Amino acid sequence: MSTVAVVGTGVIGASWAALFLAHGLDVVATDPAPGAEERLRGALEGASTDRLRFVADAGEAAAAADFVQENGPEREDVKHALFGVLDEAARPDVILASSSSGLLPSVIARGCPRHPERVVIGHPFNPPHLIPLVEVVPGRETAPEVVDRAVAFYTSVGKRPIRLSRELPGHVANRLQAALWQEAYSLVERGVATVADIDTAIAYGPGLRWAVLGPFLNQHLSGGAGGLAHVLAHLGPPTEEWWRDLGRVHLTPELAETLVAGVDAERAGTDDRALVAARDAVLERLLAAKAAQPDLP
């Protein structure tokens, strides 16, 4: 695959474009929003755009591509209309991958009457040009070889794909995040801790370990010689009690206002662009450090 169509060039699409360009691929980008090309080229400032071409029509982009990465709005009607265009224009062997963070691939594939078997979720984590994870999720009609080819393609551009065996809303990583958000929001609502306290608890506590190893391996190492079996035997019962005590929360306008105010207070006037730059700089150093450790999975 030498040419990728990036359909939708917002934050996620622009980051995908940066990744593909960095790996020497030709990128044909498209987005109907006014000024989209200028914003994309601005987002890619500092990167070579010799292999970038911007076109006005999604069908034109798909017709030129060996792989399509779609990044449109998270709405079924929009996805159906867009994938109808992509399905009509792309060669039958071209994979149509969606960056959707939660929609089911079987639902998206309803917009592809010609070749629903080539529709798959390829959900990245922001920013895709830095975060290696991509979740590859097949729908009911997705051909197994399409999943194989998608995994191989993402691996070839430096991603760390995981392959889900079944589709479900939110895939895997967003569901794990949502579980944490539920309790974090509840703790704020109940006045147990502030927004800043909870961010500190994760960023300077378990989040540091999670950035190196996942929850299961971290639990295993916490068990000493007995490993995960010891942890489950000794901490399993109290953990089940904690589960039963976790808060159930609804995003009321009052709670949303409290969360936003808490984030504003935590930022304390920090420029978001500076925060993004600092985050990305740490991510780059962290990924380099992980790559230098051969014993990490």
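## A tour from pocket to core

Start at the second largest pocket, which has a volume of about 520 Å³. The model on your screen is predicted.

**Stop 1: the pocket lining.** Select Val11, Ala14, Ala43, His129 and Val276. Of the 22 residues that line this second largest pocket, these are the closest to its centre. Now colour helices H1, H2 and H13 (272-291). Each supplies at least two residues of the lining. Which helix gives the most? H13 does, with five residues. Next, colour the lining by class.

**Stop 2: the whole chain.** Zoom out and switch to a cartoon view. The chain has 13 helices and eight strands. Along its principal axes, the C-alpha trace spans about 55 × 45 × 40 Å. A compact globule of 297 residues would have a radius of gyration near 19 Å, and the 21 Å of this chain agrees with that. Of the 297 residues, 38% count as buried. Look at how the chain meets itself, too. Among contacts with a separation of 6 or more, 68% join residues 24 or more positions apart.

**Stop 3: the largest nonpolar core.** In soluble globular proteins, nonpolar side chains tend to be buried together. Select Phe20, Val27, Leu40, Phe153 and Tyr154. Of the 29 residues in the largest nonpolar core, these touch the most other members. Several elements each supply at least two residues of this core, including strand S1 (3-7), helix H1 (11-22), strand S7 (133-138) and helix H6 (144-156). Which element gives the largest share? H1 does, with six residues.

**Stop 4: Tyr154.** Keep Tyr154 and show what surrounds it. Leave out residues up to four places away in sequence. Tyr154 then touches Trp16, Phe67, Gln69, Ala97, Gly122, Val134, Val136, Lys159 and Pro161.

**Stop 5: a second core.** Now select Val7, Val94, Leu103 and Ile121. They belong to a second, separate core of 23 residues.

**Stop 6: Thr3.** Finish in strand S1, where Thr3 has its place. Is Thr3 buried or exposed? Its relative accessibility is 11%, so Thr3 counts as buried, the cut-off for buried being under 20%. Thr3 is in contact with Asp26, Val28, Ala64, Ala65, Asp66 and Phe67. Phe67 is also one of the residues that Tyr154 touches.

Definitions and conventions. Residues are numbered from 1 along each chain as its sequence is written. This is a predicted model: local features need pLDDT of at least 70, side-chain atom pairs count only at pLDDT 80 or more; totals for chains, interfaces and linings use all residues. Side-chain values use heavy atoms; hydrogens and water are left out. A nonpolar core is a set of buried Ala, Val, Leu, Ile, Met, Phe, Trp, Tyr and Cys residues joined through side-chain atoms within 4.5 Å. Buried means under 20% relative accessible area, exposed over 50%, partly exposed in between (1.4 Å probe, protein chains only). Helices (H or I, at least four residues) and strands (E, at least two) are DSSP runs, numbered from the N terminus. Contact means heavy atoms within 4.5 Å. On a 1 Å grid over the protein atoms alone, a cavity is a set of points where a 1.4 Å probe fits but cannot get out, and a pocket is an open set with protein on both sides within 12 Å along at least five of seven lines; lining residues have an atom within 4 Å of a point. Grid points are joined across faces, edges and corners, and a volume is the space filled by probe spheres set on the points. The radius of gyration is taken over C-alpha atoms; the globule rule is 2.2 Å times the number of residues to the power 0.38.
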